[in-house]
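The sequence and the coordinates are shown first.

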Amino acid sequence: MSNYKQHYKDNFKQLLRELTETLSGHVATDDRQWTIKGFIDVFRNVYTISADTKIVSKILEIHLFPVLLKFAQKHNYIIVLADHQNYYPDLSFVSTRDESIKFAVDIKTTYRLPNKPGFCNGFTLGSHGSYFIERDKKKNIQYSYNQYCGHFCIGIIYTRANIRDIDETTIQKVEQLQSITSVIRDFEFFACEKWEIASDSQGSGNTANIGSIVRIKDILSGNGVLKNLGEEWFDEYWMNYGKIMITTETGKTKKITKLNEFLVFKGKDPTLAYPCIRSKAETHDK
């Protein structure tokens, strides 16, 4: 990347981090509950929102969009929304001064694990398939991957309300709005490049998604598995994930799906893989 584009990237990252420090005030009450209480119909009935993560994530995205739009206008960007629901990224920030300056921004949400203090359910950080590998193509992506100067996440970590406090069967009136328990609360916002919080394992079993680390302290500090290596190694590892076959000490063959194995294959020190907790499964013995 040229120094010119690197300057834009560093500046955009700093601006995004400063923005996330203000976002709680846009979505939370003084007692840290979500200001969204439910859906309202024309008869002024309020229907409780489900705590389903997909529903919560989409509403949070809608809730924050006016703030993001104002942020973009202030800093001379336009926001281009994904043409299709399954396209990457959620938002493309394009400089009004130079259209070659583009940043991919995904809004990622997850919840704290109630029985594992300090841990969350983790994020999926986009595909490591088609557009990630063929970086000049436009399959399932708004602009080709290599047109973006940086790939960022605005992350939201929250606590889900106790299910006993939520009654999805009761219809409330608008006048009762303040008494309705929000389905989520205690927001924590952050901004980072997606490689900074990446794990070396997939985020979901059935799709080619990059998984994240799950210890909240590591997430907020950008201490992903590739912390000691950088974005170029992140790219190379995930472009080759599950494609390279190696022979184990017992003579069996297996696909490389761990960063330390990949580093050994490349002749690098495997201890360069940052020793963070990679997945929810690893929290069980912690």
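Strand 3 and strand 4 run antiparallel and are joined by 5 bridges. Within this pairing, Ile79 has Phe93 of strand 4 as its bridge partner. The coordinates come from a predicted model.

Strand 4 is also antiparallel to strand 5, with 4 bridges between the two. Here Phe93 stands opposite Phe103 of strand 5.

**Burial of strand 4**

Because 5 of the 5 residues of strand 4 are buried, this strand is largely enclosed by the rest of the structure. In a regular strand, side chains alternate between the two faces of the sheet. Both faces of strand 4 are covered: Leu91, Phe93 and Ser95 are buried on one side, and Ser92 and Val94 are buried on the other.

In soluble globular proteins, nonpolar side chains tend to be buried together. The largest nonpolar core holds 43 residues, of which Phe12, Leu16, Trp34, Phe93, Phe103 and Phe187 touch the most other members. Helix 1 (3–20), helix 3 (53–74), strand 3 (77–81), strand 4 (91–95), strand 5 (102–111), strand 7 (150–160) and strand 9 (184–193) each give two or more residues to this core. Helix 3 supplies the largest share, 8 residues.

Apart from this core lies another, of 39 residues, including Leu125, Ile157, Ile197 and Tyr241.

Beyond its neighbours within four places in sequence, Phe12 is in contact with Phe71, Tyr77, Phe93, Phe103, Val105 and Phe152.

**Pockets**

Which residues lie nearest the centre of the largest pocket? They are Ser57, Asp90, Ile107, Lys108 and Thr124, out of 46 lining residues. Two or more lining residues come from each of helix 3, strand 5, strand 6 (124–127), helix 4 (130–133), strand 10 (198–202) and strand 11 (209–212). Helix 3 gives the most to this lining, with 8 residues.

The second largest pocket is lined by 15 residues, and Met1, Lys9, Tyr148, Cys149 and Glu231 lie nearest its centre. Helix 1, strand 7 and helix 6 (231–239) each give two or more residues to the lining of this second pocket.

| Pocket | Volume | Lining by class |
|---|---|---|
| Largest pocket | about 1500 Å³ | 14 nonpolar, 24 polar and 8 charged residues |
| Second largest pocket | about 320 Å³ | 4 nonpolar, 5 polar and 6 charged residues |

Definitions and conventions
Residues are numbered from 1 along each chain as its sequence is written. This is a predicted model: local features need pLDDT of at least 70, side-chain atom pairs count only at pLDDT 80 or more; totals for chains, interfaces and linings use all residues. Side-chain values use heavy atoms; hydrogens and water are left out. A nonpolar core is a set of buried Ala, Val, Leu, Ile, Met, Phe, Trp, Tyr and Cys residues joined through side-chain atoms within 4.5 Å. Buried means under 20% relative accessible area, exposed over 50%, partly exposed in between (1.4 Å probe, protein chains only). Contact means heavy atoms within 4.5 Å. On a 1 Å grid over the protein atoms alone, a cavity is a set of points where a 1.4 Å probe fits but cannot get out, and a pocket is an open set with protein on both sides within 12 Å along at least five of seven lines; lining residues have an atom within 4 Å of a point. Grid points are joined across faces, edges and corners, and a volume is the space filled by probe spheres set on the points. Ala, Val, Leu, Ile, Met, Phe, Trp, Tyr, Cys and Pro count as nonpolar, Asp, Glu, Lys and Arg as charged, and the others, Gly among them, as polar. Two strands pair if DSSP finds at least two bridges between them.
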